[in-house]
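I opened a new structure today and kept notes as I went. The entries below are in the order I looked things up.

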Amino acid sequence: MTEAEAIQLFETSHALVQNNHFVYTSGRHGSVYVNKDAVYLRPAVLSQLCLGMASFWKDRGIDAVVGPALGGIALSQWVSHHLQVLTGHEVLAIYAEKNPAGGFTLTRGYDEAVAEKKVLIVEDILTTGSSVQKLIQALNPFDCQIVGVAALWNRGGVSREMFTPSSDLHALIARNFESYEEALCPLCEKKVPFHPRLGKRK
Ligand SMILES: [Zn+2]
């Protein structure tokens, strides 16, 4: 799947909102927003994107796909399904849940399931990479081999060096958006109204 094809899928599912005014989680402002929830509303689109992800990793011997809840639940299911279809080998779908300490925990027997597996980590939008870092910490005790990190969209310029020395990183889309400090935001200066629903500002 090319980056243009992936962007097209985001556009057709109304998940890429442009020419507007948003406050990002970082507090900075910008004109573009990726609304991943609009993708999760449309499993047919999500399946196509996950096929794109699975195709990239199909020759790497992966036998478990692990994602961080909540988005990682659906992502791990679809990517593992397509990997299994493409390779003919069983590929498990596993998700990790947030714990009160701010990290991730594997429960439900998923800790045993992931042990000694060749793992692909899946994430929807990479902004800082911190969720994936925490997920890798959660996987550390289980002696699995983390082959790589697959993302739908790397919008933070996240590099593979953030994760483990031996794992690769691939995103269907690797594009950053221009963002501004509030005091320097040209959209604020033009008094462009904020998007009524998306972003941090209500
Ligand atoms: Zn602004």
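**Ground rules.** I am working with a predicted model, in which local features need pLDDT of at least 70, side-chain atom pairs count only at pLDDT 80 or more, and totals for chains, interfaces and linings use all residues. Residues are numbered from 1 along each chain as its sequence is written, and side-chain values use heavy atoms, with hydrogens and water left out.

**Entry 1: α1 and α3.** I began with helix α1 (residues 3-12) and helix α3 (residues 43-57). Helices (H or I, at least four residues) and strands (E, at least two) are DSSP runs, numbered from the N terminus. The two axes are 10 Å apart, at an angle of about 165°. Axes here are lines fitted to C-alpha atoms, for helices over the stretch in contact, and angles run from 0 to 180 degrees between N-to-C directions. I therefore noted α1 and α3 as roughly antiparallel. The scale is this: under 35 degrees is roughly parallel, over 145 roughly antiparallel, 65 to 115 roughly perpendicular, and the rest oblique.

Which residues of α1 and α3 meet? I found A6, L9 and F10 on the α1 side, and V45, Q48 and L49 on the α3 side. Contact means heavy atoms within 4.5 Å. By class, this contact has five nonpolar residues, one polar and no charged. Ala, Val, Leu, Ile, Met, Phe, Trp, Tyr, Cys and Pro count as nonpolar, Asp, Glu, Lys and Arg as charged, and the others, Gly among them, as polar.

**Entry 2: S13.** Next I looked up S13, in the loop between α1 and β1 (16-17). Is S13 buried or exposed? S13 is buried, with a relative accessible area of 0%. Buried means under 20% relative accessible area, exposed over 50%, and partly exposed in between (1.4 Å probe, protein chains only). S13 touches A38, V39, R42 and V45, leaving out residues up to four places away in sequence. R42 is 29 residues from S13 along the chain, yet their C-alpha atoms are separated by 7.2 Å.

**Entry 3: α3 and α4.** I then followed α3 to helix α4 (residues 71-87). Their axes come within 8 Å and cross at roughly 55°. α3 and α4 are therefore oblique to each other. The contact includes L46, C50 and W57 of α3, and W78, H82 and L86 of α4. I logged 13 nonpolar residues in this contact, three polar and no charged.

**Entry 4: β8.** How many residues of strand β8 (residues 118-126) are buried? Eight of its nine are. Strand β5 (residues 64-68) pairs with β8 in the parallel sense over three bridges, and V65 stands opposite L120 in β8. Two strands pair if DSSP finds at least two bridges between them. β8 also runs parallel to strand β9 (residues 145-154), joined by eight bridges. There, L126 stands opposite N154 in β9.

**Entry 5: backbone exceptions.** Most residues other than glycine have a negative phi, and most peptide bonds are trans.

- The peptide bond from A69 to L70 is cis, with omega near 5°, and L70 sits in the loop between β5 and α4.
- N19 has a positive phi of about 55°; N19 is exposed at 74% relative accessible area.
- K191 has phi near 60° and lies in the segment after α7 (186-189); K191 counts as exposed at 72%.
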